[in-house]
Amino acid sequence: MRVRFWGVRGSMPIPGPETVRYGGNTPCIDVFTSDQQVIILDAGTGIRRLGRQLMEEYPNRAVGTILISHTHWDHIQGFPFFTPAFVRQNRFVLVGQKRVGQKLESVIRGQVVEPYLPFGYGELEADLMIKEINDEEFMVIGNDTLVQARKVPHPGGCLGFRIENRGVVLAYCTDTSHPDERLDENVLQLAQGADLLIHDSQFSLEERQQFPAWGHSSWLESCQVALEAGVRHLALFHHDPDASDDELERRLVKARQVFPRTFLAREGMSIELPLGDDERPA
């Protein structure tokens, strides 16, 4: 299973010299499975560069599944600039949480309109299917890939995902918190025994105490989940827009004292899973 990071920053895109090493684009990851399925996790601003890459890799027809953890803007704001969505022969299934009184399709369509953009949703000529799923729902993608969705604690609701492909497991738990100083059971279930856990780590310890209702975790909680769930490797993800690269690296030093097989998710990083126990991504 190949995992590529196209956007790792939270809340809003932050370009500039203080974020150049780890990247300033908002969340987007793509996964390529052993049965050649393309799975995209979230559609933040990082999906723009991913779209251009997919056009090169699949010039005749691109097919994939886009898993939307939730529709806060930093997780969908790149979708109108996803080039493959404008090409008629391409096909993508967008999957997100079923909510009372709010349709996922309405949310996605609602940002591809004037006055926000000079074009409308109707100009996205690819075959786009939008599917809503419930907590604990499973999906089979291709022949060998199973995806499980679970609700994780975040204002407005959010889904975490567990992707299993021929014995390799990726857990994606962005925008999650652990209220009342207890690790969330759904997060632990998604992460159980995973080869790689990608976990929200937006806050410092001080910020976690200062903003308990914002629905984000600290690097320490990420490490605690990794330990409790017995994961092999942990990627700190959804970096605070106010945290410089230097600050992220200071947090990493502390995190490795708790869970040694921790690394910082970095824009442009590509990983082949499973990693060896002593192997760290470049």
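Analyst: The second largest pocket of this predicted model has a volume of about 160 Å³. Its lining is made up of 13 residues, and those nearest its centre are G64, T65, V93, V140 and I141. Three strands, β4 (63-67), β5 and β7 (138-141), each give two or more residues to this lining. By class, the lining of the second largest pocket holds 7 nonpolar, 4 polar and 2 charged residues.

The largest pocket has a volume of about 260 Å³. Here too the lining comprises 13 residues, of which H178, E181, R208, Q209 and E221 are the closest to the centre. The elements that contribute two or more residues are helices, namely α4 (205-210) and α5. Sorted by class, the lining of the largest pocket contains 5 nonpolar, 4 polar and 4 charged residues.

Rolling a probe the size of a water molecule over the atoms shows where empty space is left. When the whole structure is searched, 2 cavities of 30 Å³ or more are found. The largest cavity has a volume of about 90 Å³. Around the largest cavity stand I68, S69, H70, T71, G96, Q97, R99, Q102, K103, L104 and V107. Both β5 (91-97) and α2 (104-110) supply at least two residues of that lining. Strand β5 therefore has a part in two of the sites described here, since it gives residues to the second largest pocket and to the largest cavity under the DSSP assignment of strands. In terms of class, the lining of the largest cavity consists of 3 nonpolar, 6 polar and 2 charged residues.

The second largest cavity has a volume of about 40 Å³. Its lining residues are S201, W219, L236, H239, L248, R251 and L264. By class, they divide into 4 nonpolar, 2 polar and 1 charged.

Helix α5 spans residues 219-229 and helix α6 spans residues 245-258; they pack at an angle of about 25 degrees, with their axes 9 Å apart. Because of that angle, α5 is roughly parallel to α6, the limit for this description being under 35 degrees. The crossing of the two helices is right-handed.

The backbone has several features to record. Most residues other than glycine have a negative phi, and most peptide bonds are trans. Against that background, a cis peptide bond joins E114 and P115, with omega of about 15 degrees. P115 is placed in the loop between α2 and β6 (127-133); α2 is also one of the elements that supply the lining of the largest cavity. Another cis peptide bond joins L273 and P274, where omega is about 5 degrees. P274 belongs to the segment after β14 (270-272).

S11 is not a glycine, yet its phi is positive, at about 75 degrees. S11 is located in the loop between β1 (2-7) and β2 (28-32). N25 also has its place in the loop between β1 and β2. Leaving aside residues up to four places away in sequence, N25 touches W6, G7, V8, R9, T45, G46 and E267. From N25 to A229 there are 204 residues along the chain, and their C-alpha atoms are separated by 29 Å.

Technical notes: Residues are numbered from 1 along each chain as its sequence is written. This is a predicted model: local features need pLDDT of at least 70, side-chain atom pairs count only at pLDDT 80 or more; totals for chains, interfaces and linings use all residues. Side-chain values use heavy atoms; hydrogens and water are left out. Axes are lines fitted to C-alpha atoms, for helices over the stretch in contact, and angles run from 0 to 180 degrees between N-to-C directions. Helices (H or I, at least four residues) and strands (E, at least two) are DSSP runs, numbered from the N terminus. Angles under 35 degrees count as roughly parallel, over 145 as roughly antiparallel, 65 to 115 as roughly perpendicular and the rest as oblique. A crossing is left-handed if the near helix is turned anticlockwise from the far one by less than a right angle, and right-handed if clockwise. On a 1 Å grid over the protein atoms alone, a cavity is a set of points where a 1.4 Å probe fits but cannot get out, and a pocket is an open set with protein on both sides within 12 Å along at least five of seven lines; lining residues have an atom within 4 Å of a point. Grid points are joined across faces, edges and corners, and a volume is the space filled by probe spheres set on the points. Ala, Val, Leu, Ile, Met, Phe, Trp, Tyr, Cys and Pro count as nonpolar, Asp, Glu, Lys and Arg as charged, and the others, Gly among them, as polar. Contact means heavy atoms within 4.5 Å.
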